[in-house]
Amino acid sequence: MAGEESPDTVRHASGQGMDYIATLFVFMLTTFIGLDVIRRVSRLLHTPLMSLTNAISAIAVVGSILIAGQQHTEYKFNLLGLVAIVASVCNIVSGFLITDRMLKMFKKREGNR
Amino acid sequence: MSTWIQIAYLVATALFIFSLKWMNSPETARRGVFAGVAAMLLAVVGTLINPAIMASNYKWIALAVVIGSAIGVPLSWVPLTAVPQRTALSHAFGGLAVGLVGVSEFYISFSEPGLELGYFRTAALCAEVLLGFLTFTGSLMAAGKLQEIVPTRPITYKGQNIINLGLLAFAVICCIVLTIDANYKFIFPIIIFLALLFGVFLIMPIGGADMPTVISILNSYAGLSAVAMGFVMDNKLLIAAGALDGSSGLILSIIMCKAMNRSFTNVLFGAFGKVQAAVADSAKKTVKSATPEEAAQIMEQASLVVIVPGYGMAVAQAQHRVRELYDQLTKRGITVKFAIHPVAGRMPGHMNVLLAEADIPYTDLVEMDDINPEMPQVDVVIVVGANDVVNPAARTNKSSPIYGMPIINADKAKTVLAIKRSMNPGFAGIENELYYADKTLMVFGDAKAVVGDLVKHLSGSN
């Protein structure tokens, strides 16, 4: 894992010192957590769940910002990063908004019956 | 600074997990959205304060964010019947973003000294680009099919599966060669091309009825591509969030497959909806029909009514009329429940959202497995725009293409009212024995008009 003392680990692209096993551990554990948490999601909410995970998978915005923001030898790399930001932000914004819009519609039965 | 960034990512990961956890009930679900938004903000801010980001680039990033939001906001206003298309389109955007980042990473690693990828990260990068681009074109195809721009029927030809598997195998071999020696740069564009092509070919033979499964699988791929990006960038937040998304897609596709009694391979390579053996021996069978007025009288006598909605109800825009019917019946003290089949609609849970939009309380939406034991006590089942999900052939007829699929046992109820335009077999083209049963009364007509008539008769006689 990137230590604070090595400035070059901030630059994602440098492979030195990367702990592959730690990343695989993270992958394995979050997959198990994910499987368990998702299994408990109400079946009523599977459509909002999917639009929510749409927004969450737009976490690729992190990688997009890093590519777009760093200095590269050629501008075209920054440009690819910027297009990726547009696509990710679009997913984040529309994903969260539509999820909330759908969830607002789920109402309990009124008490006056 | 680096430590703070990692802490921000750590908290963001926890918030993402809470966000999904709170989706376990409609009461806490909106809190889940807020947790998700907070997590995303934290992730973005944590990334922006990274000292590697050039100050002069912030304005471009801001511009990209504005453009993305300008596209995203209107996309969240689509009608709820179009949510499956929107979801597929969103998977396509996600795949594109991941793919483009992968392309930049690959070429950047050659342009600057000390940035060599190494075996592990080259392999991850190949997976990232492969998954990203195949999700991109595959999801565009799925969105096109759902929007009916692309023909929804399965497009098949001889040797299709061999060609598809061959394409995938070729792409994987390219990835392996590139991983062994990253200096074979020319292979990289080939991988991109194969991924784009495979995405199209993969979805082409899949029919409209399988879209709920396909969307779930693509959801999973979108997540896994983010995981691969995380491996390349050594970013644990990307891995964690991507893995959550990947497992969500996996579980939803398993549920969808089970609800249709099919396997993954069967969905992907089976071309459902094509192999309909035309078992048209219905000529001798007789059908009983009823007018809306008669149907209304039958309903008035009932004490427990179950409505089985299908996608046809949404197509006919009948859900608000169904809500009025629900009101009329509950006003008379009749218990009304909705029986929801997992594949009703075009994506997992679609029907629940469509009914919630019509203000039907979610507490009266009942899952198939919970309603089936109750069926013998049900006085009247009303089938609105559903067909295959109530077809008893799934239980009895071994030669039926839907044999083995779990269904809502509408035929076990005392009376069945089926609202249908005509006796034409539905979407999948399968004859439905339920309509010929003694206890079944067909009410012919457009779903919206018929349910409207039922409401009129019920409110008139009140």
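The pLDDT is the predictor's confidence in each residue, on a scale from 0 to 100. This is a predicted model, in which local features need a pLDDT of at least 70 and side-chain atom pairs count only at pLDDT 80 or more, while totals for chains, interfaces and linings use all residues. Residues are numbered from 1 along each chain as its sequence is written, with chains lettered from A and ligands numbered from 1 in the order in which they are written.

For chain B the pLDDT averages 90, and 95% of the residues score at least 70. Over residues 272-280 of chain B the value falls below 50, yet this stretch has 19 contacts in the model beyond near neighbours in sequence. The complex receives an ipTM of 0.92 and a pTM of 0.91 from the predictor.

Turning to the interface, chain B contributes 109 residues and chain A 89, two residues being in contact if their C-beta atoms, placed from the backbone, lie within 7 Å. Helix α4 (residues 83-111) of chain B gives the most to the side of chain B that touches chain A, with 19 residues; helices are DSSP runs of H or I with at least four residues, numbered from the N terminus.

Within chain B, helix α13 (residues 319-331) packs against helix α17 (residues 447-460) at an angle of about 25°, with the axes 9 Å apart. Axes are lines fitted to C-alpha atoms over the stretch in contact, and angles run from 0 to 180 degrees between N-to-C directions. Because of this angle, α13(B) is roughly parallel to α17(B), a label for angles under 35 degrees.

Note on methods. Helix = DSSP H or I, 4+ residues; strand = E, 2+ residues; numbered from the N terminus. Parallel < 35°, antiparallel > 145°, perpendicular 65-115°, else oblique.
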